[in-house]
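Please read these notes beside the sequence and the model. They are kept to a few points.

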Amino acid sequence: MRTANVTTRKYSSNVWNIAAALKSRYRDFSHYNLKNPLDELLFIICSTKTGEASYRSTFRSLKETFPTHYQIAEAPAEYIARPIVSGGLSNQKAKAICELLDVIVARFGEPTLKPLRKMSDADAEAFLVSLPGVGKKVARCVLMYSLGRQVFPVDTHCWRIARRLGWVRPTQKDKHCAPRDMDRLQSKIPPELRYSLHVNIISLGREICTPAAPRCDECPISAWCPKIGVPRAK
Ligand code: SF4
């Protein structure tokens with residue numbers, strides 16, 4: 001029991017130390033996410049399988065073509081696909097946008113996600129994951145970035161780095177992040193650290209803790225990282 005308590009205390013202080021070190025380096029950069037929850041959802045759809053410069057440009061183009069949410073909600077999928085074609089998968093993305101806007105309008109009477117502001121975290125997340133093509137990660141991005149909720153979306157960077165830090169052990173044989181893994185990881189991170197850790201871990205994953213060649217010798221959290229499964233730990 002004593003060992004478990006010592007381990008728990010050590011994990012807990014490491015989370016705070018890591019959050020502080022990452023915040024000092026990356027300053028909670030928001031990665032251009034948006035305050036309107038429906039815009040954030042559309043922004044995330046535009047970001048699927050494309051780079052940052054590309055999805056920022058395609059989202060801008062989408063908004064220039066359809067300045068209001070009513071205009072997007074009324075547009076046929078082929079018209080929505082045109083301004084986002086440079087981001088790839090434009091037909092699938094346009095179809096997804098049409099399908100989820102249909103559900104949103106059916107539920108709220110207009111193309112808006114603002115009613116989520118009055119819902120509990122659990123109810124808002126349940127509604128979001130009920131939308132076609134929206135999973136727990138996307139739902140929690142909308143909750144965190146646009147609605148200010150203290151949740152922890154687990155994207156590819158968060159999942160990889162949390163495993164290297166020993167914060168979570170995959171439950172799936174292929175090591176992909178299952179919904180229950182997202183819940184387990186979120187439950188281990190103090191609510192007040194979730195936003196900061198999420199955005200700063202993304203910055204770390206893009207700059208230093210990359211999938212194939214993490215540069216541990218340059219890493220601001222190396223002192224607290226056991227580097228589990230790291231291919232070329234230095
Ligand atoms: S020490 Fe290495 S494995 Fe750990 S977070 Fe930093 S770069 Fe990633």
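1. Domain bounds here come from an automatic or database domain assignment. For the protein chain, that assignment gives domain 1 (2–30 + 153–224) and domain 2 (37–147). Taken over C-alpha atoms, the centres of domain 1 and domain 2 are 27 Å apart. Seven residues from domain 1 and five residues from domain 2 make the contact (C-beta atoms, placed from the backbone, within 7 Å).

2. The model is predicted: local features need pLDDT of at least 70, side-chain atom pairs count only at pLDDT 80 or more, and totals for chains, interfaces and linings use all residues. Residues are numbered from 1 along each chain as its sequence is written.

3. Helix α2 (residues 37–46) and helix α3 (residues 52–65) have axes that come within 9 Å and cross at roughly 130°. Helices are DSSP runs (H or I, at least four residues), numbered from the N terminus. Axes are lines fitted to C-alpha atoms over the stretch in contact, with angles from 0 to 180 degrees between N-to-C directions.

4. In this pair, Leu42, Phe43 and Cys46 of α2 meet Tyr55, Thr58, Phe59 and Leu62 of α3. By class, the contact of α2 with α3 has six nonpolar, one polar and no charged residues. Ala, Val, Leu, Ile, Met, Phe, Trp, Tyr, Cys and Pro count as nonpolar, Asp, Glu, Lys and Arg as charged, and the others, Gly among them, as polar.

5. Residues around the ligand include Cys209, Cys216, Cys219 and Cys225, as well as Arg164 and Lys227. The shell around the ligand has nine nonpolar, one polar and two charged residues.

Definitions and conventions
Near = placed C-beta within 6 Å. Helix = DSSP H or I, 4+ residues; strand = E, 2+ residues; numbered from the N terminus. Contact = placed C-beta atoms within 7 Å.
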